[in-house]
Structure formats: structure tokens, C-alpha cells
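Please walk me through this structure.

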Amino acid sequence: MKKIIETENLRTNFYTYEGVVKALNDVCITVNHGETFGLVGESGCGKSVTVRSMMRIIQSPGKVESGKVLLFLDENGEQEAVDLLQQSESYMQSCCGDQISMIFQEPNAALNPIMSIGEQVAESFLFHRKKSLSEASLERLNAQDCKVPFKGIFKNLYKKYHEDENAFVFKLLSHIPLLNRWDFLIRQEAFKRAVEIISKLGIPHAEDIAVQFPHNLSGGMKQRIVIAIALACSPMLLIADEATSNLDVTIQAQILELLKDLKKKHISSILLITHDLGVVAETCDRVGVMYAGSLCEVAESRELFGNPSHPYTKALLESVPKFHQEGALKTIEGNVPNLVTPPAGCRFHPRCKHRMDICDKEVPNLLEIGKNHSVACHLFGDK
Ligand SMILES: Nc1ncnc2c1ncn2[C@@H]1O[C@H](COP(=O)(O)OP(=O)(O)OP(=O)(O)O)[C@@H](O)[C@H]1O
Ligand SMILES: [Mg+2]
């Protein structure tokens, strides 16, 4: 199966006054082409830090210490791996939104309150699709019905823009009042595409919505707009970090249905982060279970729910309320470890019922125990 992105032994620390928080400990995740990969685990286990490290948006005092984040790009029919951790800031800027997009839990934080919805979606096209926008604007200028004064000047400008959008003349124009909106046709085209993508996300009256501001919309609607921004340039991978956790269950179901639908048509893969195991069972092809900064089990969804193997996964599944629940709900005894002084060996061993001598001495490796099923537990090791 073709890979889209892969992390190799990703290690991230936070340098706090209390000490060094060892948030990620050799995380290895692979997301394949065409799949929805779910990342689950208790709050604080490192799901967000994993994807933030992948996209290099870890905030201070955090630092990615080691590892690789390989993005697989198709170059002339061959797959080429690019280590995102070694790329420049400008590479990351052009990659985010174009090849990889991210959506977060809080749509209000992602939207600009003083920009109209349409303008915010259009920004994505203006940043990543300048060439195709200038091409479309040139076509409009060549059409008979486009009545623009000084058509010839604009044609030359758009042609030049198509060839080199960073030319000196455009930098100069952007500093001259009145002339700095010379690209109005390009902006119009971007706005038109923004309206199209908003209506594709099932929002009625997209033209009217596009001129509204974020405070005019409901939470579910805002999250759809955030998804529209993320999908504007048809990325290969969409990373959704608790994207539906803030919404009520009906809207949550609608958004998940929308993501499923979009995966078929527009994006190839989704990395879905959630602590809702129901959402995972419903939407994901493969699942990775995280505990205290490490991946403890990776398997296909059916296999994971039918045959959970790591003691933590088993305990996690047992702690989900069932429809025909009898007796008290089981919980996982003990507490999530302090990551400044994480337990030695397997980080789950202080809470594990199957603890052995080796567990507090050696870190278990993620071993394949079946088809597409890997577990990091000494119960499955050869020792
Ligand atoms: N800014 C920070 N400063 C210090 N430690 C941090 C910071 N951000 C994250 N951490 C540490 O990293 C660990 C993982 O945090 P992360 O946000 O990835 O958890 P999560 O699995 O996404 O949880 P949730 O489900 O609540 O979103 C936390 O336990 C915390 O110790
Ligand atoms: Mg999180």
C-alpha cells in the first residue's frame, strides 16, 4: 500500500520550570493512501503533540528532539520521501494547506473575526493557487463580456503575474495606494471558488454566507467553514484534531459524514484524532492507540475492537459504557503518569494487571503479532 506520511521515532520534549516533560517517546505512525487513520488515547497522552510535531507547529517551550516525518510525494510516477523536519519555513508554508491541511477543535480560534467568510476561504486559493487564478482572470479578460478599462495593461500584468508572481513590479504596486488592488479580477476569481467550495460542503445559500462574518454563524456552520478552508486546495492529507468534539452529537454526525464523503471525492487520507472510540469505530480504517507519549497498539479497526491485545487497549475498551451495561462501569486503576518522570520500561506497567519483571526495565518494541496488527507489550515479545 502507498504511504502518505510516516513518522520515525518522533521524540518531543517540553522544557518547563518543573522539569523536562518527555511528551513523545519514539512515536512511529504511518498513514497510507486512501485510508482514515484514527489516533486515540486518554487526554494528555500526546495525540495533539504528535500532529503538531509532524507539522512543526509545536509551541515553546516544546522542541522536537529527534526522529523523522516523511511525506511521500509522487514524482514522475515514483514515490519520493521528504523529511519535513529538515525543510525550510517557506517549504512548510507552501506544504500546509496544499498537501496537508489541519483542522482543530475550536473553530473560533481558526477564523478571523474581522474578515468575511468568503474572503477567508479565498485566502487559501490566493496563497496556493495564484497561477491558476491568474490564468482564469486572463481568460475572463479575453472574453468579450469583461468590461475593464485599460484591458491591455491588465492583460500584460496578469500574464506577467502568471509567469512570475514574485516579480518586482507587483511588490511595487502593492505599496502604491489605489493601485494595490490591481489584482481585483484574481480576487474575484478566488472568491467565486470560495463560494463553490462552501456550497460543496452542504451549506445552503453559499453566496449569502460568504459575505457574513464568523460571529453570524453557528458552531457547526463555523466548523464546516474551517473544513472548507482546509479542503480548498484538495490536500493529500487532512489532519483533524478533535474537530467534532465541541459540537453536539447530531452536528458531529453530520460533520463526520461530510468528512467520509469528502474523502471519497477530494482528499486521499485523513488522520483523525479523537478520544471518542465510537467515532473511531464508525469512521476509521486503521487505529493507533497511544499511552503516555508512546504508541502501544496499531491495528485495523475491526481487529482492534474485536481482538484488542495490549492490556491498555483492553482496559480502554472495557471503560466505554455499553448499551446493555450491567453493574458498575470499569475504569483503569491508577493515574496517567507524570511525563517529567515517566515510569521506566513500559510506561503503562504501574497500572498493568499483567505486569512482569521485565516491564519496568525494558521499553517494549512495537511488534507485528498478526496481519496489520502490532503491539508494544512484553507479553508478546520473545523474552
Ligand atoms: N505547552 C506545554 N507545556 C508543557 N507541557 C505540555 C505542553 N503542551 C503539551 N504538553 C505535555 O504534552 C502531553 C501531551 O499533550 P497533548 O496536548 O498532545 O495531549 P492530547 O493527547 O492531545 O490530549 P487531549 O485529548 O486532552 O487533547 C501533556 O500531557 C503535557 O504534559
Ligand atoms: Mg489534543
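Predicted model: local features only at pLDDT ≥ 70, side-chain atom pairs only at ≥ 80, totals over all residues.

The strands β1 and β2 lead on to a sheet. Four strands form this open sheet, in the order β2-β1-β4-β5, and their pairing is antiparallel. The edges are taken by β2 and β5 (78–83); each has a single partner strand, so one side of each has no neighbour in the sheet. On average, neighbouring strands here are turned by 15° against each other, direction ignored. Within the sheet, 10 bridges join β1 and β2 in the antiparallel sense. One position to look at is Asn 13, which stands opposite Lys 22 in β2. Helix α1 also belongs in this picture. It lies across β1, β2 and β4 (62–75) and runs at about 70° to β2.

Strands in a sheet pair through backbone hydrogen bonds, and the pairing can be parallel or antiparallel. A second open sheet has mixed pairing. Its eight strands follow the order β6-β7-β8-β3-β9-β10-β12-β11. At the edges are β6 (100–103) and β11 (367–370), each pairing on one side only. From one strand to the next, the twist averages 20°. Look at β7 (residues 237–241) and β8 (residues 269–273): they run parallel and are joined by five bridges. Here Asp 241 stands opposite Ile 273 in β8. Helix α10 (residues 219–231) lies across β6 and β7, and runs at about 170° to β6.

How do α5 and α6 run relative to each other? The axes of α5 (residues 130–142) and α6 (residues 151–163) come within 9 Å and cross at roughly 155°. That angle makes α5 roughly antiparallel to α6. The crossing of α5 past α6 is left-handed. From α5, the contact is made by Lys 131, Ser 134, Glu 135, Ser 137, Leu 138 and Leu 141. From α6 come Lys 151, Phe 154, Lys 155, Tyr 158, Lys 159, Tyr 161 and His 162. By class, this contact of α5 with α6 has five nonpolar, three polar and five charged residues.

Definitions and conventions:
Residues numbered from 1 in each chain as written. Chains lettered and ligands numbered in written order. Axes fitted to C-alpha atoms, helices over the stretch in contact; angles between N-to-C directions. Helix = DSSP H or I, 4+ residues; strand = E, 2+ residues; numbered from the N terminus. Parallel < 35°, antiparallel > 145°, perpendicular 65-115°, else oblique. Left-handed = near helix turned anticlockwise from the far one by under 90°. Contact = placed C-beta atoms within 7 Å. Nonpolar A, V, L, I, M, F, W, Y, C, P; charged D, E, K, R; others polar. Pairing = 2+ DSSP bridges.
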